[in-house]
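Here is a walk through one protein structure, taken a part at a time. Please look at the sequence and the model before reading on.

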Amino acid sequence: GGNQDGAGLFISSTSALVLENIKIFGNNTNGNAAGIYAHTTTYTLKNSIIYNNDATNGGNNVIQNISTNATFINCTISQNQSYTLGNSSGSFTTFKNCIIWDNNSTTLTVDGAFVTATYSCYEDAIGATNINSDPFFVDASNDDFHLTDYSSVIGAGTSDGAPTTDI
């Protein structure tokens, strides 16, 4: 909390960092990025959940990437109170098999950088492999982001690069 950048996770000057099966939740900051702040790095986040984070000032993002290449695979990003992503200074971010839903703002802010999403579910989704419909979480208000049997997301992803077990 407080004025720290990356209240949940701060990554700087690393390469080929892979993080799996983690939860980043309940963080609040007046700095940049309540969830993840990454600077001059390459990282992959797999099979993880980022929820209930709030960056009220500064970068005002849940995820802030600066001069960074980031890949999110089989991740859920939900119920955050800030912009989902801020990319700047030549950053490139990829979302694959991800659900980005029910955040205060689902806007993917792009500032001279690139963002791609494939086989993902998010509001205002574009692209043939993406879905723009409610993923039907079991009980997101009580932090249960499993999918109900009625979810159109089930079976809509790709197994290419996906983890064998989904949290």
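**The hairpin, the pocket and the sheet**

In strand E17, Asp 144 is the bridge partner of Asp 139. Strands here are DSSP runs of E with at least two residues, numbered from the N terminus. The model is predicted, so local features need pLDDT of at least 70 and side-chain atom pairs count only at pLDDT 80 or more, while totals for chains, interfaces and linings use all residues. Residues are numbered from 1 along each chain as its sequence is written, and side-chain values use heavy atoms, with hydrogens and water left out.

E17 runs antiparallel to strand E16 (residues 137-139), and two bridges join them; two strands pair if DSSP finds at least two bridges between them. Together E16 and E17 form a hairpin with four residues between them. In the turn, Asp 143 has a positive phi of about 65°.

Strand E17 (residues 144-147) also gives the largest share of the lining of the largest pocket, three residues. A pocket is an open set of points on a 1 Å grid over the protein atoms alone, where a 1.4 Å probe fits, with protein on both sides within 12 Å along at least five of seven lines; lining residues have an atom within 4 Å of a point. Of the 23 lining residues, those closest to the centre of the largest pocket are Asn 74, Ile 99, Leu 147, Val 153 and Asp 166.

Elsewhere, five strands make an open sheet in the order E3-E6-E9-E12-E15, with parallel pairing. Its edge strands are E3 (23-25) and E15 (121-122), each pairing on one side only. Phe 25 has Tyr 51 in E6 as its bridge partner.
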